Amino acid sequence: NSGDGADVLNQSAGADTYTFGAGVDHYNLGSLTMGTDTITDFAVGNTGDVIDINTAAAAATTDADGFGTMLIDGVGATTEIVDGFVIVDNGDTGTDNATGLTAAAIATYLGDIGGTTQVVKDAATATGYLAVSDGTDTAIIHYADGNADVTIDSGEITVLLVLSGIADAGTILTANIEGYAG
């Protein structure tokens, strides 16, 4: 936990829960294998808190679209996502919420958003990050190739961080995410 003011918290082993307090706080996410942490009071917006994704996978991201917002409109299409950080905006018309924030629930959601849209990787070997919400909280996940196809399966998903109380992933801005080569 941190106090009021600008604090820096580093990811640590295990499933930890953090409360930031007032001020623009930074959470350094440096590993894909340390467990799922929760931030109870993450502030979104241009003057909000920041997640610094400084993993080797993020450093290797060279796609020009290192940060993007995906607005799924429910028109019935397969949407390819690019390497980097992509937000699945559950606040957009026609886009429902994931039924949960487990790898299995997120994989099911990405395979059928709103009954009309599927989200897939742009290449079988693609890797990147997604923000996905269940309508109550938002998860930051990493996806990587696990079976040489473009479908994002539960075995290819690692849930890294849960932002408690962020009901709409679309409220996360570029100002809230750092750490990409893109």
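**A buried salt-bridge network and an open parallel sheet**

E156 is buried, with a relative accessible area of 5% (buried means under 20%, exposed over 50% and partly exposed in between, for a 1.4 Å probe and protein chains only). Salt bridges that share partners join E156, K121 and D145 into one network. The model is predicted, so that local features need pLDDT of at least 70 and side-chain atom pairs count only at pLDDT 80 or more, while totals for chains, interfaces and linings use all residues. Residues are numbered from 1 along each chain as its sequence is written, and side-chain values use heavy atoms, with hydrogens and water left out.

The structure contains two salt bridges, each defined as a side-chain nitrogen of Lys or Arg within 4 Å of a carboxyl oxygen of Asp or Glu. In the pair K121 and E156, the closest N and O atoms lie 3.3 Å apart. K121 belongs to strand 9, whereas E156 lies in the loop between strand 11 and strand 12, 35 residues apart. K121 also forms a salt bridge with D145, at 3.7 Å between the closest N and O atoms. K121 is buried at 0% relative accessibility, whereas D145 is partly exposed at 34%.

An open sheet of four strands has the order 1-3-5-13 with parallel pairing; strands are DSSP runs (E, at least two residues) numbered from the N terminus, and two strands pair if DSSP finds at least two bridges between them. Strand 1 (8–10) and strand 13 (177–178) stand at the edges with a single partner strand each, so one side of each lacks a neighbour in the sheet. Strand 5 (residues 50–53) pairs with strand 13 over two bridges, and E178 is the bridge partner of D52.
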